[in-house]
Amino acid sequence: MQTSIRSASLACLLAGVLSVPAAHADDDTINPDRPNIANSSQVVGSHRVQLETGVQWDRQRDLDAHVRTLTTPTLLRIGVADALELRVETDGRTIEHASDPASGAHTVSAGWADLSAGVKWHVADQDGMRPSVGMIAEVALPTGSAALRGSGFRPAVELPVEWDLGHDWSLGVMPGMARDSDVTYGVFAASVGKAFSERLHGFAEVAAPQIGHGTQAIVDTGVAWLVNRDCQIDAMVVHGVNRQTPGLSLAFGISVRR
């Protein structure tokens, strides 16, 4: 019953915010933060609403267990000024299949992930060698299902930095810090992008979503297709390079704005 109420409430919220009239510029295109770790330094713009959502499948195989997890990562961005946006983010519905290689026992669990709320500020545009800079401040809230709920409020700060390198190449770097319970850890991602055409973009990235406490490390690559100036679809494949990270992940998503 609580799951149904939560689903209905979220659907109503999204329907409400996406119905808000928006002012449009004639020369800009959508610039989502998904699907990779390194976020853009840009914001959605005043009076704009942008929804970025998708599905992600993770597989991790250890000697003790084989785990496959399906999540529905979703980010809602609401522009409140030319350089400031509000953000609500979650991994959404989470379904986990776990099996014991020795006994063959199989279990399935499902629930809702926590919500995070925060802001992004576009600090500066690129000027020569000086990069475009943004800042994201958010806090994860203990709102999810009991099995997936984190402990208390977990703040995080990230600093996305970008360079347009010319010749359709770009570079993005994002350092950050986060706190979970009584543990503080680092975040880092570096992504190289290439525009193959006006609509097709590709990227490759190395990232450490968690540094210093159960360090996680990944490499990923993917593509994004610009359907029109207000809609983009994407696909990504991720390889975990240590035991704390799923060995293989696949992600597919769509981003829309108005």
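Biologist: Strands here are DSSP runs of E with at least two residues, helices are runs of H or I with at least four, and both are numbered from the N terminus. Where does Gly152 lie in those terms?

Modeller: Gly152 is in the loop between β8 (132-141) and β9. Bear in mind that this is a predicted model.

Biologist: What does Gly152 touch, leaving out residues up to four places away in sequence?

Modeller: Ala140 and Pro142. Val139 is 13 residues from Gly152 in sequence, and their C-alpha atoms are 9.9 Å apart.

Biologist: Next, confidence. What is the mean pLDDT of the protein?

Modeller: The mean is 90. Of the residues, 90% reach 70 or more.

Biologist: Where does pLDDT stay under 50?

Modeller: Over residues 1-26. The model has 29 contacts beyond four places in sequence for that stretch.

Biologist: Now the surface. Which residues make the nonpolar patch?

Modeller: Val80, Leu84, Leu86, Val119, Trp121, Val123, Met135, Val157 and Leu159. The patch area is about 680 Å². Two elements give two or more residues each: β4 (84-90) and β7 (115-124).

Biologist: Which element gives the largest share?

Modeller: β7, with 3 residues.

Biologist: And Val157, where is its place?

Modeller: In strand β9, residues 154-158. Val157 counts as partly exposed because its relative accessibility is 43%.

Biologist: Let's do a hairpin. How do β5 and β6 run, and how many bridges join them?

Modeller: They run antiparallel, with 7 bridges between β5 (residues 93-99) and β6 (residues 106-112). His97 is opposite Val108 in β6.

Biologist: How many residues sit between the strands of that hairpin?

Modeller: There are 6. Gly104 in the hairpin has a positive phi, near 80 degrees.

Biologist: Which residues other than glycine have a positive phi?

Modeller: Among them are His167, near 55 degrees, and Ser181, near 60 degrees.

Biologist: Why flag those?

Modeller: Because most residues other than glycine have a negative phi.

Biologist: Where are they?

Modeller: His167 is in the loop between β10 (161-166) and β11 (169-180). Ser181 is in the loop between β11 and β12 (183-195).

Biologist: In which strand is Ser255 found, and is it buried or exposed?

Modeller: Strand β16, residues 248-257. Ser255 counts as buried because its relative accessibility is 0%, and buried means under 20%.

Definitions and conventions:
Residues numbered from 1 in each chain as written. Predicted model: local features only at pLDDT ≥ 70, side-chain atom pairs only at ≥ 80, totals over all residues. Heavy atoms only, no water. Patch = residues over 30% accessible without salt bridge, like charges linked within 9 Å, V, L, I, M, F, W, Y side chains within 5 Å. Areas by Shrake-Rupley, 256 points an atom, 1.4 Å probe, with all protein chains shown as cover. Salt bridge = Lys/Arg side-chain N within 4 Å of Asp/Glu carboxyl O. Buried < 20%, exposed > 50% of the residue type's maximum accessible area, 1.4 Å probe, protein only. Pairing = 2+ DSSP bridges. pLDDT = per-residue confidence, 0-100. Contact = heavy atoms within 4.5 Å.
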